[in-house]
Amino acid sequence: MEHQRNSDSSEIVGTDQDKLNLLKPGFALKIGGAKRTVFSLQQKEVMIEFHNRQANYGIRADPLACISAMRERGLEPLKESQIKSWWSTYHQKRKREMESMAGDIQNARRTLPARNANQPDPSSASGLTRSTGSSLPSSTPSSYPASTSTGAPTAPAPPSISLPVSLNTSSTPVFAVTIAPTAPSPALAPAAAPPATPSLPVRSNTTSASNTTPVMTPSVTGTDVGCGITEWLFPSIVSQSKVDGRNGSNACSFIALCFGSIYRQSSLPTPAVGQPLNRQWEAAVIEAIRTGNDFHDELFGGEGIDVAVEDAVSAIGDHCHISGIVQEYNVFGADPLNQYAAVVNLILQQKQSFHVLVVNDKTRIIIVDSNGTLIFFDSHIHGHHGALVARSDPYQGHQAQSFSNWVNDMLRKSHSVGLAICSLTTVGYF
């Protein structure tokens with residue numbers, strides 16, 4: 001009888017092994033104890049969607065909402081415990097991957113295309129210096145002309161707390177402001193100005209020196225769009241997806257952080273109203289796009305992977321002189337436009353501060369200069385144009401509201417999505 005049980009057991013194991021060999025692509029088998037759970041690719045996509053919403057926007061990943069979403073899509077719903085367990089495993093896997101990528105950056109070496117002896121290197125125009133045989137962007141002094149203002153030191157952040165923020169006298173909060181602690185950031189003296197600002201070459205993707213030819217872009221003129229806001233739109237070739245002959249890019253989080261570092265290290269002056277962007281600004285925009293694309297290409301090998309702000313800071317924070325994430329503001333639910341304006345009012349009190357805006361998985365950066373002017377940089381395509389720089393000045397006492405309305409309208413026009421769900425992350429630089 002004992003022999004018969006062993007024989008049956010052996011037969012069952014053999015049958016299960018056949019099932020393992022016959023699993024269709026897109027399925028994963030999780031074996032734990034006596035239980036065997038198979039997740040379909042469609043089920044995993046739903047769980048990843050909810051996980052990423054929490055990672056990118058701070059919207060809590062609710063297992064019950066995930067189960068409802070599976071039912072709505074005609075999928076077999078998983079148990080709440082299964083979803084939580086899968087989320088935990090997926091989160092730890094992503095965390096390990098990003099830590100490994102950050103280590104790879106520390107050890108990465110690469111060779112840049114050779115340049116003509118008379119052709120200036122745009123990387124020398126920023127604090128993110130790259131040279132043959134060196135590691136990825138490092139913290140060498142900037143060669144941008146320095147402005148007359150100096151960056152104020154970043155004050156130490158308060159202990160981690162959660163604050164309700166409301167637009168009216170009601171006690172009901174309209175959104176949550178999460179404040180995370182960070183180390184104080186010392187002020188950095190501006191670099192000395194060189195005798196002249198170099199012209200702007202646009203490099204080719206190829207490594208051949210003969211193909212690395214400068215492309216002279218027309219002057220980027222400003223447009224007064226009203227309500228105290230001025231826009232500067234680059235040609236379409238100066239965007240993250242088309243620069244240097246590219247065809248697509250998911251590097252916007254890296255690009256935004258790189259631009260903040262370039263602005264901080266070089267003390268870029270705020271663009272002047274009624275004047276074209278100077279070569280200093282044009283070089284900074286292109287160098288941020290190129291450097292951010294390079295980071296993403298080295299980490300992900302050209303795959304179209306969006307990177308959350310927190311993960312991007314973990315990966316390139318040391319190279320971009322980032323001390324850490326200071327505050328996170330998440331906007332969603334009823335009346336998001338006024339909620340966003342309330343957040344803008346808060347950041348306007350923080351002179352010389354840097355804030356990363358994420359809407360629909362696309363990242364931009366907002367800078368508050370020493371005079372309270374808002375500077376906006378977006379590396380994406382905008383209609384027939386490329387990257388966008390804008391400034392917002394006080395307008396009839398409603399700077400926050402007019403800026404928020406402009407951002408919302410610009411996003412709807414260029415990307416068919418407004419500020420219904422967005423996050424604003426304050427980043428500290430040193």
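## Salt bridges

The structure holds 8 salt bridges. It is a predicted model, and three of these pairs are described here. Side chains of opposite charge can pair when their charged atoms come close.

In one of the salt bridges, the side chains of R290 and D244 meet at 3.2 Å, N to O. This pair connects distant parts of the chain: R290 belongs to helix α6 (residues 279-300), while D244 sits in the loop between β8 (229-235) and α5 (252-266), 46 residues apart. R290 has a relative accessible area of 1%, so it counts as buried. D244 is also buried, because its relative accessibility of 12% falls under 20%.

R246 and D297 form another salt bridge through their side chains, at 2.8 Å from N to O. Here too distant parts of the chain are linked, with R246 in the loop between β8 and α5 and D297 in helix α6, 51 residues apart. D297 is partly exposed, because its relative accessible area of 27% lies between the cut-offs of 20% and 50%.

## A pair between strands

D378 and R364 also form a salt bridge, and their closest N and O atoms are 2.9 Å apart. The two residues are 14 apart and lie in distant parts of the chain: D378 in strand β12 (residues 374-378) and R364 in strand β11 (residues 362-368). Both D378 and R364 are buried.

## The chain as a whole

The protein chain contains 9 helices and 14 strands. Of its 430 residues, 46% are buried. The chain exposes about 20,600 Å², and carbon and sulfur atoms supply 52% of that area.

Contacts within the chain were also sorted by separation in sequence. Among those between residues at least 6 apart, 67% join residues at least 24 apart.

## Packing of α5 and α7

Helix α5 meets helix α7 (residues 309-316), their axes coming within 9 Å and crossing at roughly 60 degrees. That angle makes α5 oblique to α7. The crossing of the two helices is right-handed.

On the α5 side, the residues in contact are S253, F254, L257 and C258. They meet V309, A312, V313, A315 and I316 in α7.

## The loop at G228

G228 is located in the loop between β7 (222-226) and β8. With a relative accessible area of 25%, G228 is partly exposed.

Leaving aside residues up to four places away in sequence, G228 touches R391, S392, D393 and Y395. G228 and V273 are 45 residues apart in sequence, and their C-alpha atoms are 9.7 Å apart in space.

## Positive phi angles

Most residues other than glycine have a negative phi.

H321 is not a glycine, yet its phi is positive, at about 60 degrees. H321 lies in the loop between α7 and β9 (322-331). Its relative accessible area is 4%, so H321 is buried.

N360 likewise has a positive phi, of about 55 degrees, although it is not a glycine. N360 is found in the loop between β10 (353-359) and β11. At 41% relative accessibility, N360 counts as partly exposed.

Methods: Residues are numbered from 1 along each chain as its sequence is written. This is a predicted model: local features need pLDDT of at least 70, side-chain atom pairs count only at pLDDT 80 or more; totals for chains, interfaces and linings use all residues. Side-chain values use heavy atoms; hydrogens and water are left out. Helices (H or I, at least four residues) and strands (E, at least two) are DSSP runs, numbered from the N terminus. Buried means under 20% relative accessible area, exposed over 50%, partly exposed in between (1.4 Å probe, protein chains only). Contact means heavy atoms within 4.5 Å. Accessible areas come from the Shrake-Rupley method with a 1.4 Å probe; for residues, only the protein chains shown count as cover. A salt bridge is a side-chain nitrogen of Lys or Arg within 4 Å of a carboxyl oxygen of Asp or Glu. Axes are lines fitted to C-alpha atoms, for helices over the stretch in contact, and angles run from 0 to 180 degrees between N-to-C directions. Angles under 35 degrees count as roughly parallel, over 145 as roughly antiparallel, 65 to 115 as roughly perpendicular and the rest as oblique. A crossing is left-handed if the near helix is turned anticlockwise from the far one by less than a right angle, and right-handed if clockwise.
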